[in-house]
Amino acid sequence: MTPTAHAMPGHFGKKISGTKAPDFDGTQPCTSIDLELFFPTTREEELESLGFIRPLCNSCAFVAPCLEWALANRERGIWAGTTDDQRRSILRKRNRSK
């Protein structure tokens, strides 16, 4: 899977891989990226996608609400520049601190 930008405006708030994505304003950098990059199927694809996606997420004003969405909804894939494993780790740490 090679990172490529495809015009996909407004994918937030629409069905993505069986889930409803957060309802942001459509100005996020990810709205112009091929959604397949956010749902890699192998570790190699995940690393490749992260290298492309993470800088976009880090520059996005919605990175915090995106992460919270993914945590609250146990989303799979790359959200807010984090992987499934990274989000599970965040949730474990939060649960330990309660």
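Q: In this predicted model, how far apart are the closest N and O atoms of Asp84 and Arg87?
A: Asp84 and Arg87 both belong to helix H3, where three residues, about one turn of the helix, separate them. The two side chains form a salt bridge, and the distance between their closest N and O atoms is 2.8 Å.

Q: Is Arg87 buried or exposed?
A: The cut-off for a buried residue is a relative accessible area under 20%. Asp84, at 23% relative accessibility, is therefore partly exposed. Arg87 has a relative accessible area of 3%, and so Arg87 counts as buried.

Q: Which residue forms a salt bridge with Glu68?
A: The closest N and O atoms of this pair are 2.6 Å apart, and the partner of Glu68 is Arg94. Because Glu68 lies in helix H2 (residues 63-72) and its partner in helix H3 (residues 84-96), the pair ties together parts that are 26 residues apart in sequence. Glu68 is partly exposed at 35% relative accessibility, and partly exposed too, with a relative accessible area of 34%, is Arg94.

Q: Which helix holds both Glu46 and Arg43?
A: The side chains of Glu46 and Arg43 meet in a salt bridge, at 2.2 Å from N to O. Glu46 is buried, with a relative accessible area of 13%, whereas Arg43 is exposed at 51%. The two residues are three apart, about one turn of the helix, and the element that holds them both is helix H1 (residues 43-58).

Key. Residues are numbered from 1 along each chain as its sequence is written. This is a predicted model: local features need pLDDT of at least 70, side-chain atom pairs count only at pLDDT 80 or more; totals for chains, interfaces and linings use all residues. Side-chain values use heavy atoms; hydrogens and water are left out. A salt bridge is a side-chain nitrogen of Lys or Arg within 4 Å of a carboxyl oxygen of Asp or Glu. Helices (H or I, at least four residues) and strands (E, at least two) are DSSP runs, numbered from the N terminus. Buried means under 20% relative accessible area, exposed over 50%, partly exposed in between (1.4 Å probe, protein chains only).
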